[in-house]
Amino acid sequence: MIGLRRVGPDEFVSRLGSVLDIYTAAMDPPAEQLSGRRTIMGNHATHPGFTCLFAELPDGTPVGLAYGFHGAPGQWWHDVVHQAVAERHGAAGAHGWLGDALELAEIHVHPGHQGKGIGRSLVLGVCEDRPERTAVLSTRDLPTVARRLYRSLGFVDLLTAFVFPGGHERYVIAGAVLPLAPERPGTGPRGAGAG
Ligand SMILES: CC(C)(COP(=O)(O)OP(=O)(O)OC[C@H]1O[C@@H](n2cnc3c(N)ncnc32)[C@H](O)[C@@H]1OP(=O)(O)O)[C@@H](O)C(=O)NCCC(=O)NCCS
């Protein structure tokens, strides 16, 4: 039986080793990227409105996690994505999607526990009772389980084939109006269309 537990920023930082273990098992990143990823995650915990859920075994071992925070100017991801969405959808579109957004930074489930509904529960739980108008995220622009999951939760593609500065892989930037409406297609926040 897996339980979901909310984890504050202090505990999140103190458990970064476990967080990185799940991240590594789920994403299989190059080893040389792990220390930079640890720094980025620790920095995320200082952002306003930080929220995190651990999915844990009965003995407390975490096997999945999801976290996010309130996006704001000055944050690297926010600034890069805001500019790119503005170029594609105009200033009003960028404001509509990113002006009051929960930014979902990481969602991972250990491979030994995937496909049991944990990822879906984590995303729904992290997005529950948030004050923001939207939730936004980036994910690889490939036909992955993650992408299908986000679609089924109401996320729509705001940008496709997007390459972050300094990167080479293609990403999708996706957004959903809060509260999430699973199985119902997203419609766009207050006039900000996704097309
Ligand atoms: C993406 C991820 C978090 C989803 O977590 P999960 O616990 O495996 O997903 P769930 O069991 O909640 O299933 C979510 C959906 O995917 C489907 N699914 C799950 N595993 C699947 C598989 N192996 N093949 C096909 N579909 C699958 C489920 O049927 C479900 O569909 P639904 O939402 O239409 O009902 C997890 O697979 C993962 O950590 N992947 C690797 C890391 C990653 O890509 N993270 C996201 C980065 S943006």
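These are my notebook entries on one predicted model.

**Ground rules**

I number residues from 1 along each chain, as its sequence is written.

**Entry 1: the whole chain**

I started with the elements. I found 6 helices and 7 strands in the chain. Helices (H or I, at least four residues) and strands (E, at least two) are DSSP runs, numbered from the N terminus. Reading along the sequence, I wrote down β-α-α-α-β-β-α-β-α-β-α-β-β.

Then I looked up the overall size. The C-alpha trace spans about 50 × 35 × 30 Å along its principal axes. The radius of gyration is 16 Å, which agrees with the value near 16 Å for a compact globule of 195 residues. That radius is taken over C-alpha atoms, and the globule rule is 2.2 Å times the number of residues to the power 0.38.

How much of the chain is buried? I noted 34% of the 195 residues. Buried means that 20 or more other C-beta atoms lie within 10 Å of the residue's own; exposed means 12 or fewer, and partly exposed is in between, with C-beta atoms placed from the backbone.

I also checked contacts (C-beta atoms, placed from the backbone, within 7 Å). Among those between residues at least 6 apart in sequence, 68% join residues at least 24 apart.

**Entry 2: the sheet**

In what order do the strands stand? I read β1-β2-β3-β4-β5-β7-β6, an open sheet of 7 strands with mixed pairing. β1 (3–6) and β6 (156–162) are at the edges with a single partner strand each, so one side of each has no neighbour in the sheet. Neighbouring strands are turned by 20° against each other on average, direction ignored. Strands count as paired if DSSP finds at least two bridges between them.

I went through some pairs:

- β2 (residues 51–56) and β3 (residues 62–70) are antiparallel, with 6 bridges. Here Cys52 has Tyr67 in β3 as its bridge partner.
- β5 and β7 run antiparallel and are joined by 7 bridges. Leu137 stands opposite Ala174 in β7.
- β6 and β7 pair over 4 bridges, again in the antiparallel sense. Val156 stands opposite Gly175 in β7.

β7 is mostly covered, with 6 of its 7 residues buried.

Next I looked at α5. This helix lies across β1, β2, β3, β4 and β5 (134–140), and runs at about 30° to β3. For such angles, axes are lines fitted to C-alpha atoms, for helices over the stretch in contact, and the angles run from 0 to 180 degrees between N-to-C directions.

**Entry 3: around the ligand**

Which residues come nearest to the ligand? Of the 19 around it, I listed Gln114, Gly115, Gly119, Arg120 and Ala146. A residue is near if its C-beta atom, placed from the backbone, lies within 6 Å.

Four elements each supply at least two residues of this shell: α2 (16–27), β4 (101–109), α5 (118–127) and α6 (145–152). α6 gives the most, 5 residues.

I sorted the shell by class and got 8 nonpolar, 8 polar and 3 charged residues. Ala, Val, Leu, Ile, Met, Phe, Trp, Tyr, Cys and Pro count as nonpolar, Asp, Glu, Lys and Arg as charged, and the others, Gly among them, as polar.

Most residues other than glycine have a negative phi, and most peptide bonds are trans. I looked for exceptions.

- Asp129 has phi near 55°, a positive value in a residue other than glycine. Asp129 sits in the loop between α5 and β5. Asp129 counts as exposed because it has 8 C-beta neighbours inside 10 Å.
- Ala161 is not a glycine either, yet its phi is positive, about 55°. Ala161 is in strand β6. With 8 other C-beta atoms within 10 Å, Ala161 is exposed.
- The peptide bond from Leu178 to Pro179 is cis, with omega near -5°. Pro179 lies in the segment after β7 (171–177).

**Entry 4: Ser35**

Is Ser35 buried or exposed? Ser35 is exposed, since it has 10 C-beta neighbours inside 10 Å. I placed Ser35 in helix α3 (residues 34–44). Its C-alpha atom is 33 Å from that of Val177, which is 142 residues away along the chain.

Terms used. Predicted model: local features only at pLDDT ≥ 70, side-chain atom pairs only at ≥ 80, totals over all residues. Contact = placed C-beta atoms within 7 Å.
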